[in-house]
Structures are given as C-alpha cells and as structure tokens.
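Here is a quick tour of one model, written for someone who likes to know the cut-offs. Have a look at the structure first, then read on.

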Amino acid sequence: MKIYKDLFTGDEMFSDTYKIKLVDDVVYEVYGKLVTRKAGSIEIAGFNPSAEEAEDATDEAVESGVDVVLNHRLQETYAFGDKKSYTQYLKEYMKKLVGVLEEKSPDQVEIFKKNMNKVMKDILSRFKELQFFTGESMDIDGIVGMLEYREIDGDSVPVLMFFKHGLQEEKF
C-alpha cells in the first residue's frame with residue numbers, strides 16, 4: 001500500500017486504496033464515496049451486530065462525508081473566498097514546488113510548468129464548485145486538495161484533486 005503525504009507538512013492526504021487517475025502528469029484525481037458510519041467504529045464486511053448492540057445504536061454519534069476526507073482526517077478550509085485569493089495561494093505554492101523540483105528533479109520543471117498551467121486553467125473555470133481541504137495539521141502553506149462532485153454513470157461522485165509534485169509517496 002502507498003500513502004501520499006504532503007511534501008511540506010508531512011500530512012497524510014490519501015492512499016492507493018482508492019481509484020486514482022493521473023491527469024497530464026501533474027494532478028492526481030482520487031475518486032471517493034459518500035459514507036455514513038458510527039463515529040469511531042470500524043465496519044467489517046459481513047459482520048452483524050447482536051440484537052442488543054443494534055438497540056443501542058440510536059445513542060451513538062454518526063459521521064457522514066467523503067470516505068477519503070474522513071479516513072485521512074482532511075480538514076475543510078474556507079481560506080479562499082474568491083478566485084483571486086486562491087490564485088494568489090497557487091502562485092506562492094507553485095513557486096515553492098518549482099524550487100523543490102529544480103533541486104531534486106530538474107528534468108520535471110518544464111513539464112510541470114507547461115502542464116500545470118493547462119490543468120489549472122480548467123480547474124479555475126469551475127472554482128465556485130470546489131471545496132478545499134488541507135491535511136490534519138490545517139497548515140495552509142502545504143498542499144490544499146480540491147474536491148468537486150462529478151456526474152459519473154448517473155451518480156454524483158466526489159473527486160479530490162492533488163498536485164502530484166506536492167506529494168511524497170511512502171510504501172507500507
């Protein structure tokens with residue numbers, strides 16, 4: 001299994017247990033599901049609680065949301081009230097990423113710049129439909145994932161987007 005962590009904060013963002021698609025070699029799209037579960041519970045397929053446990057279920061807290069967000073403790077941020085503030089964040093973040101790339105993978109810099117501009121133009125055209133998520137530390141200087149709902153095979157599917165070059169992979 002691979003865990004993808006923020007390059008700058010070390011926060012866990014997602015794992016390869018979800019369907020993942022790499023777009024233009026710069027953005028990972030992670031396809032999640034809407035889930036509802038008892039807070040703190042772990043669901044095991046095929047497990048049936050006893051009748052007593054089923055009766056007590058009404059007293060327990062329930063959490064609902066996107067499985068990727070809940071499982072990796074992502075935090076929604078409201079730091080970007082408009083496209084201008086998000087664009088400013090992007091400029092600063094991309095400058096940091098280019099600095100890291102120039103040091104570690106100079107061959108990736110041109111590909112990153114060219115493809116990122118194309119991808120971000122498309123994503124920014126849908127700015128009003130996006131939600132933004134940081135890692136558990138809530139550090140806005142790190143990667144900020146974007147979430148949008150897409151119509152796929154008649155279902156509304158939550159899709160999170162993360163910059164490939166802003167992540168480090170750890171194998172477990």
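## Ground rules

This is a predicted model, in which local features need pLDDT of at least 70 and side-chain atom pairs count only at pLDDT 80 or more, while totals for chains, interfaces and linings use all residues. Residues are numbered from 1 along each chain as its sequence is written, and side-chain values use heavy atoms, with hydrogens and water left out.

## The chain overall

The chain has 4 helices and 11 strands. Both are DSSP runs numbered from the N terminus: helices are H or I with at least four residues, strands are E with at least two. Of the 172 residues, 40% are buried; buried means under 20% relative accessible area, exposed over 50%, and partly exposed in between, with a 1.4 Å probe and protein chains only.

The accessible surface comes to about 10300 Å², and carbon and sulfur atoms own 50% of that. Those areas come from the Shrake-Rupley method with a 1.4 Å probe, and for residues only the protein chains shown count as cover. Now take the contacts between residues at least 6 apart in sequence: 66% of them join residues at least 24 apart. A contact here means heavy atoms within 4.5 Å.

## Rings and charges

There are 14 aromatic pairs in the structure. Rings of Phe, Tyr and Trp (its six-membered ring) pair if their centres lie within 6.5 Å; planes under 30 degrees apart count as stacked, over 60 as edge-to-face and the rest as tilted. Take Tyr 86 and Phe 132: their ring centres are 4.8 Å apart and the planes sit at 40°, so this pair is tilted. Tyr 86 belongs to helix 3 (residues 83–104) and Phe 132 to strand 8 (residues 131–134), so to speak a link between distant parts of the chain, 46 residues apart. Both partners are tucked away by the accessibility cut-off: Tyr 86 is buried at 0% relative accessible area, and Phe 132 is buried at 5%.

Those two rings also sit in a cluster that ring pairs build from Phe 8, Phe 80, Tyr 86, Tyr 89, Tyr 93, Phe 127, Phe 132 and Phe 163. One member, Phe 8, has Lys 96 over its face, 4.4 Å from the ring centre. Elsewhere, the charged end of Lys 19 sits over the ring of Tyr 31, 4.7 Å from its centre. For the record, a charge sits over a ring if NZ of Lys or CZ of Arg is within 6 Å of the ring centre and within 35 degrees of the ring normal.

## Strand 8 and its partners

Strand 8 runs antiparallel to strand 7 (residues 75–77), with 3 bridges between them, and antiparallel to strand 9 (residues 145–152), again with 3 bridges. Two strands pair if DSSP finds at least two bridges between them.

What does the side chain of Arg 126 hold on to? It makes polar contacts with the side chains of Asp 122 (2.9 Å) and Glu 148 (2.8 Å). A polar contact is a pair of N or O atoms within 3.5 Å; within protein, one must be able to donate a hydrogen and the other to accept it, and residues adjacent in sequence count only if both atoms are side-chain atoms. Leaving aside neighbours within four places in sequence, Arg 126 is in contact with Glu 148, Arg 150 and Met 161.

Ser 15 is in strand 2 (residues 12–15) and is buried, with a relative accessible area of 2%. The side chain of Ser 15 makes a polar contact with that of Thr 17 (2.8 Å). Not counting residues up to four places away in sequence, Ser 15 touches Met 1, Lys 2, Ile 3, Tyr 4, Ile 20 and His 72.

Ile 20, in turn, stands opposite Val 30 in strand 4. Strand 3 (residues 19–23) and strand 4 (residues 27–31) run antiparallel and are joined by 5 bridges. Their hairpin has 3 residues between the strands, and Asp 24 takes a positive phi near 50° there.

## Positive phi in the loops

Most residues other than glycine have a negative phi. Met 138 has a positive phi of about 60° although it is not a glycine. Met 138 lies in the loop between strand 8 and strand 9 and counts as exposed at 54% relative accessibility.

Asp 153 also has a positive phi, near 50°. The place of Asp 153 is the loop between strand 9 and strand 10 (155–163), and at 78% relative accessibility Asp 153 counts as exposed.
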